[in-house]
Amino acid sequence: MAEVLTKRSDFLAANRGLRVARPGFVLLTRPNDGLGKRYGITVTKKIGNAVVRNRMKRRFRELLRDYLSAAGLSDHDHVLIGRAGGVERDFGVMAKELQQALERAHAGKGDPARGRRPRRGKRSSNDKSVSAKT
């Protein structure tokens, strides 16, 4: 089995690599200078409570155990990021999606980054669209 990523710097480096998005997850891949196949899993608190997040991580670990050794990119870091709704998806569907994502990564075909979303919250006094002079 592949080695597990534990350092934050490895996750940040993978984020600068190739990105393949699927409905249940996002796969990030990046060359790691000959360190072999490594993987990491991340699921944010936006997805749900600890029970939901841990269930999603267990499913991801099982998917990676099944597919990474055969279809993963050699000497690359692989990071799976959980998406909302991914825990409800059928395991077989997620397996096919991971296989397709790994094939796209092999071909070097990534998805474009979405960019930063604007922050939600209070507007500052400079953001008023109606001017004080009328």
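1. Throughout this note, contact means heavy atoms within 4.5 Å. The model is predicted: local features need pLDDT of at least 70, side-chain atom pairs count only at pLDDT 80 or more, and totals for chains, interfaces and linings use all residues. Residues are numbered from 1 along each chain as its sequence is written, and side-chain values use heavy atoms, with hydrogens and water left out.

2. Contacts of T29. Once neighbours within four places in sequence are set aside, T29 touches A14, G17, L18, H76, D77, H78 and A105. T29 belongs to strand β3, residues 25–31, where helices (H or I, at least four residues) and strands (E, at least two) are DSSP runs numbered from the N terminus. With a relative accessibility of 3%, T29 counts as buried; buried means under 20% relative accessible area, exposed over 50%, and partly exposed in between, for a 1.4 Å probe and protein chains only.

3. Overall organisation. The protein chain contains three helices and five strands, and their order along the sequence is β-α-β-β-β-α-β-α. Of the 134 residues in the protein chain, 35% are buried. Among contacts in the protein chain with a separation of 6 or more, 79% join residues 24 or more positions apart.

4. Helix packing. How do the axes of helix α2 and helix α3 cross? Helix α2 (residues 50–71) and helix α3 (residues 91–107) have axes that come within 10 Å and cross at roughly 40°. Here axes are lines fitted to C-alpha atoms, for helices over the stretch in contact, and angles run from 0 to 180 degrees between N-to-C directions. The two helices α2 and α3 are therefore oblique to each other; angles under 35 degrees count as roughly parallel, over 145 as roughly antiparallel, 65 to 115 as roughly perpendicular, and the rest as oblique.

5. Salt bridges. A salt bridge is a side-chain nitrogen of Lys or Arg within 4 Å of a carboxyl oxygen of Asp or Glu, and the count by this rule is four. One of them joins R38 and D10, at 3.6 Å from N to O. Because R38 lies in strand β4 (residues 38–42) and D10 in helix α1 (residues 8–15), the pair ties together parts that are 28 residues apart in sequence. R38 is buried at 8% relative accessibility, and D10 is buried at 17%. D10, R38 and D77 are linked in a network of salt bridges.

6. Further pairs. R65 and E62 meet in a salt bridge at 2.6 Å, N to O; the two residues are three apart in helix α2, which means that about one helical turn separates R65 and E62. R65 is partly exposed at 45%, and E62 is partly exposed at 31%. In the salt bridge of R89 with E97, the closest N and O atoms are 2.4 Å apart. R89 is partly exposed at 24%, whereas E97 is buried at 8%.
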